[in-house]
Amino acid sequence: MANRKKPEELRSHRWYGVKDLRSFGHRSRTAQMGYHKSDYAGKPVIAIINTWSDINPCHTHFKQRVEEVKRGIWQAGGFPVEMPAISLSEPFQKPTTMLYRNLLAMETEELLRSYPADGCVLMGGCDKTTPALLMGAFSMNLPSIFVPAGPMLRGDFRGEFLGSGSDTWKYWAELRAGNITEADWQGVEDGIARSPGHCMTMGTASTMTSAAEVIGLTLPGASSIPAADSRHAQMATLTGKRIVDMVWEDLKPLDFINANSFDNAVRTVLALGGSTNSLVHLVAMAKRAGVHLSIDRFDSLARTTPVIANLRPSGKYLMEDFYYAGGLRGLLSNIKDLLKLDELCVNGKTLGENLEDAKVFNTDVIRTQNRALQKNDGLAVLRGNLAPDGAIIKPAAMEAHLRKHTGPAVVFKDYNDLNTRIDSESLDIHKDSVIVLQSAGPQGAPGMPEWGQLPIPQKLLKQGVRDMVRISDARMSGTSYGACVLHVTPESHVGGPLALVQDGDLISLDVENRTINLLISDNEMMNRKAAWVAPVAKFTRGYGTLYLKHIQQADKGCDFDFLEPEEKLEPKGDPEIH
C-alpha cells in the first residue's frame, strides 16, 4: 500500500529504535525478559489488553485465547505484549461492575498512552468490559481491534435448555411461589452455566459485543461464536494477524467510526431485542468517539426497527442457536435496508461488503421483518414529570396488558428496605400496585446496580402474578424481563422527582405515548421538593470519591465529565520519553 507506514514511523520506535541512554534501557530490559532484538526491532508492538482473572467466569478461556492472539501477531510479524487490566466480573463484583466501568476505561487509555504500543487487541465480553475497553481505546485512538469473549453453551436442566439470568429469575419465582422443590432449584444451579463464556441469552454481554461488531471493531462474525467453539480460537489468531496490518495501514477507530456507525449499532441492538444497558454504554462510547448520540435517537430508531431475533429474554432461543442460525451477520442481512452499509470496518471492508455472503439457516431463530417477533419498540424512552430527562423500558420483555397502566405506588427508600419488606405478609400491595425503588442510581446506590427487576412479593407470586410495573433509577440485567421502568433521570439521590414519590401516589405508565407520570399537582411536587433533604455521600475516600464528584447521569452515559473530548481529536499527551 502506498500509505503503508515505515518502521521508523512506528510509535514504538521512540522507545526501541533510537540510539540514546533511555532506549538502551528499554532494549536491555526487553532482553532481560528473554527476547532478542530481532523479535521486536522494526516491528509493530501490539498491546493485548486482557481482562482475564481467576474470578471472572466469563473470561476463563482468555488465558488460552491470549496465546492464540499472540500466535497471530507473531505470524504477521508483530511483537505481542500482554497487559492485564482490571477484570470486571459481573457475578462477583459489588455493588456493581458499573461502578468500575470508567476505571477500566481509564486504565485502558493510560496503558496504551504510557507504553510503547503501536496498536492494541482488546479482550473482553463480560458486560462492562466491552464498553470500557472501547471507550479507552477511542480516547487514545491507536489502531484497535476487539476480541469478544463469546457466549457460553446452552444450559441444561432435565432436557430443557436454560438461559443465563432469564431462567434464574423464572425458576426463582417458581421456588418462592412453592411450585418447584429445593432439589429442582439445585438442578437449575448445577446446569445453567456449563462452559466458559458470557451469558448466552441476549443480555448486555451479547448486546454490546454485537454492537462492537456492527460498529466495525471486530472481524466479521466474531461476536456470535460460542466461547467453547474451536472457531473462536481461530478468530483470536486471525484477529492477532489483522491488528499488525492495521498498524502498518495506520487504521485507527476514529478514522472510520462516525454517527452512521452508531446508528447501525442502535438498529442492531433493537433488532436483537437487546439490553436496556446498551443505551447508557453506547451514549458514553459515542461521546468518546466525538459523536453525539442521545437517548432520543434510540427512541426514534426504535419506532421503525423490528425485533427479529427470537432470543431470550424477549423470545425463545439462546446464543448458541443464534450462531447456528447464521449469527449476527445473518441478522444484519435481514435488516440491510435499515443500515448504513458504506461504513468501514477493521478488516478494511465496508459493512455491506462483509454481509455479501451472509445467510440465515433457521428462520424461527432469526426472523424476517414481515415475521418479526415485535414490529417495533425493542426499547422505548419514557418522559414525564417522574422522569424529566428520560427513563427506559423494554416493551418486548413485559406483559402486554401493562403497557398502559395506572396504579398506586409502594415505595422502598433503598435496596435494604426492599429486601426487608418485600415479602412481608403485612405489606399493603396488590397486582395493580406500582413498586418504586429509590436511591439505586449512579450516585445513590452507588454505581447504578442491576436492581431494576424488582422482585414481586411472594404472596402475589403464590396468586399467579408474574409481572408488575416496577420503577427505579437502577439498571437491570439484559437477561432480565418484566415491566421495569429503569434509568429514571435525574436520579432520586440528587433530588429527582423519583425521590418525592410517596406510598399511595398514583403513577401512570403509557408505553405507546412514551410517558411516565406521577399524578400529583405541581404545587404538591414543589412542596415535597422544598422539604427534601439531600442524603450524605456514600464514599469518603479513594476511587469512590472521584466517582461521586464526576459521574454523570444515565442519559449522559454515566461517563466521568473530565473524560469527554471537546471534539474529535488525534491522540495527545504521549509521554516525553527522550
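In this presentation, a residue is called buried if its relative accessible area is under 20%, exposed if that area is over 50%, and partly exposed in between, using a 1.4 Å probe and protein chains only. By this definition Lys70 is buried, because its relative accessible area is 17%.

The model before you is predicted, so local features need pLDDT of at least 70 and side-chain atom pairs count only at pLDDT 80 or more, while totals for chains, interfaces and linings use all residues. Residues are numbered from 1 along each chain as its sequence is written, and side-chain values use heavy atoms, with hydrogens and water left out.

Let me stay with Lys70. This residue belongs to helix α4, residues 62-75; helices (H or I, at least four residues) and strands (E, at least two) are DSSP runs, numbered from the N terminus. Which residues does Lys70 touch, not counting those up to four places away in sequence? They are Ile48, Pro80 and Glu82, where contact means heavy atoms within 4.5 Å.

I turn now to the nonpolar cores. A nonpolar core is a set of buried Ala, Val, Leu, Ile, Met, Phe, Trp, Tyr and Cys residues joined through side-chain atoms within 4.5 Å. The largest has 113 residues, and Val121, Phe262, Leu282 and Leu331 touch the most other members. Apart from it lies another core of 27 residues, including Met398 and Ile507.

Next, helix α7 covers residues 166-176, and its buried residues include Tyr171 and Leu175. Among the elements covering the buried residues of α7 are strand β5 (155-157) and helix α8 (182-191). After α7 comes Gly178, with a positive phi near 85°.

Finally, the cavities. On a 1 Å grid over the protein atoms alone, a cavity is a set of points where a 1.4 Å probe fits but cannot get out, and lining residues have an atom within 4 Å of a point. Grid points are joined across faces, edges and corners, and a volume is the space filled by probe spheres set on the points.

How many cavities of 30 Å³ or more does a search of the whole structure find? The search finds 2. The largest has a volume of about 80 Å³, and α9 (204-215), α16 (327-333) and α17 (351-354) each supply at least two residues of its lining.

Note on methods: 1 Å grid on protein atoms, 1.4 Å probe; cavity = no way out; pocket = protein on both sides within 12 Å on 5 of 7 lines; lining within 4 Å.
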